[in-house]
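Please keep the sequence and the structure at hand while reading.

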Amino acid sequence: MAAPVGDFDAENQFIQRKTSVYTNSDGKQETAPVVDAGGDLEGAEEKDEGTQARDTFNKRLRVVVLIALAALILGWWISSTILTATRGQWVVQTFFAWFFLLIIAFRFIPNSVVTEPIAAVWVPCVQVPWYKLPRTARLSIGWLCLLGIVFGSAFGFPLTGNSNYGNRAISVLGLFVFQCSFYLCSTNRSAICWPIVIVGLFLQQTIALFVLKTGAGFSFFKYIADLADDFLSQADVGAEFFFDAATIAKGWFFVNVLSAVIFFIATIQMLYYLGVMQWMVKGFAWFFFKLMNAASPWVGQGESACLVKPYVDIMTPSELHLVMTSGFSTISGSVLTAYIALGVPPQNLITSSVMSIPASIAISKMRIPEVDEPVTRGRIVVDRGDAGKNQPVNALHAFSLGGLFGLSVAGQILTNVLTILSLVATINAVLTWVGRGFGIHQLTLQLVLGYIGYPIAFFLGVPTAEILRVSQLLATKLIENEFAAYLELSSIQASSNPLSQRAFTIASYSLCGFANLGSLGIQIGVLGALAPSQGKVIAKLATSAMICGFISTLQTAGIAGMLV
């Protein structure tokens, strides 16, 4: 009878080699290895017993720690709800307390306790009847629902400000034109998954209605943005140690943004070691797989891309394009306060960023449809930390290694931003020199793209007299960055000839995104550092993703134009 595989592996793993002397055919003495397996197997068994005992102790200790932590959270929730000083925030405190309590509870309770009763109702009553319908019928119902919410949003609410139904109709037409353009530019039209497109556009409209037409929606997303801003601002404490408070207050990119990147990545690395990020990413992946059949959850620009660090190396080109598109179409909480300080309504910023998430998924999957089988489709399995000699031994070590990796990412961001912006300045200098020969003294990329973007601004529903000014703002955002564009918008609104309320609203939405040439360098630098083996694919897809992210933000602005 053959020995069990496990015993054979143990014997080979723990075997020790000794040497003996023998005489070869030439009469010379040489040494040869001699295998002594008896005592070694006993040592291996003792080692296995010790490992099992240690694992058992760690499991029991983990249970005790989790129960103690749950008791502490429950006590904090009761105390904060009773105390007068914190009673006013009971909704937020209850949400976070029970969120973490449920996470701890489901470490011991199988998910089937919740999923099986839901599936028992959902599958026979909804899923089975729905998929019995022909595919053309399902798609027809989806398109009708989408058209219903689009036209209902555009013409079902009263007019505000200087808007008219003609402007809203142009915004609807623009949405149609954008989708047709992406269909015509698709790399594989026959592979487009139309349910993803329909659900993505439907979610974009739904979020717009929820945030723009309800106070609860705006308050909810405003609170999330404030939390993100507060968290990233903690990096200023560490940066102040090396510089000073006056330097931090200046908001320099090199100091404030890059320190936030390093701190954020270090925190994410620690959370991966603790298993928290695996749980969150798995939840997002399950949600988007069930809702849109998309394997990858949305991520944002720069530091946010590190949320899915372990998966970048195994992503398909379609997934990589989606990651970059979603990053280009949103902003982060770290810059939200700066834009608000420039006079941009926070409601517009938050709504635009959130609405662009499903739009980026729909647009990206039209531009580059999925033709491969994603490894992570519907399931996420990641170990704690990277295997190898640099594998963290505890949470603090993981945090430290994450900081070192964050420093590498920050260096690549700095290098790519510096070189791309310098290249743009060089091109503008050449264009200006050439333009003087034709009597044009300020020929730049911004000016050229401003005129090229005239029809784009028209399809957003901007009033005719203000189209050129809005299109030039879009060019400034694309060539320089959204901060420069918002500065220009702020100066226009402070001048004697400001934009109308409708044009200002559409402009504030359309500028809210990281799609610019500087961010192109950031995306290539960050994702290239996360997955060096995917460097060529990332560089090839980056420009397409930037354009898709740019149009995604414009599409959000057009939808906002339907509601104002």
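Leaving aside neighbours within four places in sequence, with which residues is Ile413 in contact? In this predicted model, Ile413 touches Phe253, Leu258, Val261, Ile522 and Val526 once those sequence neighbours are set aside. Ile413 is also listed, together with Met324, Val409, Tyr486, Leu489 and Leu499, among the residues with the most contacts inside the largest nonpolar core, a set of 94 residues. The most to this core comes from helix 24, which spans residues 535-563 and gives 14 residues.

**Overall composition**

The protein has 24 helices and two strands, and of its 564 residues 42% are buried. Among the contacts with a separation of 6 or more, 74% are between residues 24 or more positions apart. The accessible surface comes to about 29100 Å², and carbon and sulfur atoms hold 67% of that area.

**A nonpolar patch on the surface**

Val63, Ile67, Leu102, Phe106, Phe108, Ile109, Val113, Val114, Ile118, Trp122 and Val126 form a nonpolar patch on the surface, and together these residues have about 950 Å² of accessible area. Helix 2 (38-82) and helix 4 (112-132) each supply at least two residues of the patch, and helix 4 provides the largest share, with five residues. Phe108, itself a member of the patch, is found in the loop between helix 3 (90-105) and helix 4.

**Accessibility of selected residues**

| Residue | Relative accessibility | Class |
|---|---|---|
| Phe108 | 43% | partly exposed |
| Cys145 | 42% | partly exposed |
| Tyr165 | 38% | partly exposed |
| Val199 | 23% | partly exposed |
| Cys512 | 0% | buried |

Why does Val199 count as partly exposed? Its relative accessible area is 23%, and because the buried class requires a value under 20% while the exposed class requires one over 50%, a residue in between is assigned to the partly exposed class. By the same cut-offs Cys512 counts as buried, because its relative accessibility is 0%.

Tyr165 lies in helix 6, which covers residues 165-184. With neighbours within four places in sequence left aside, Tyr165 is in contact with Ala154, Phe155, Phe157, Pro158 and Leu159. Of these contacts, Phe155 is ten residues from Tyr165 in sequence, and the C-alpha atoms of the two lie 7.1 Å apart in space.

Val199 belongs to helix 7 (residues 194-213). Although Val199 and Gly142 are 57 residues apart in sequence, the distance between them in space is 7.9 Å, taken from C-alpha to C-alpha.

**Salt bridge and cysteines**

How many salt bridges does the structure hold? There is one salt bridge, formed between Glu370 and Lys365, whose closest N and O atoms are 3.7 Å apart. Are these two residues, Glu370 and Lys365, buried or exposed? Both Glu370 and Lys365 are buried. As for the cysteines, the structure holds zero disulfides; Cys145 is partly exposed, whereas Cys512 is buried.

Methods:
Residues are numbered from 1 along each chain as its sequence is written. This is a predicted model: local features need pLDDT of at least 70, side-chain atom pairs count only at pLDDT 80 or more; totals for chains, interfaces and linings use all residues. Side-chain values use heavy atoms; hydrogens and water are left out. A nonpolar core is a set of buried Ala, Val, Leu, Ile, Met, Phe, Trp, Tyr and Cys residues joined through side-chain atoms within 4.5 Å. Buried means under 20% relative accessible area, exposed over 50%, partly exposed in between (1.4 Å probe, protein chains only). Helices (H or I, at least four residues) and strands (E, at least two) are DSSP runs, numbered from the N terminus. Contact means heavy atoms within 4.5 Å. Patches are made of residues with over 30% relative accessible area and no salt bridge: like charges are joined within 9 Å, nonpolar side chains (Val, Leu, Ile, Met, Phe, Trp, Tyr) within 5 Å. Accessible areas come from the Shrake-Rupley method with a 1.4 Å probe; for residues, only the protein chains shown count as cover. A salt bridge is a side-chain nitrogen of Lys or Arg within 4 Å of a carboxyl oxygen of Asp or Glu. A disulfide is a pair of cysteine sulfur atoms within 2.5 Å.
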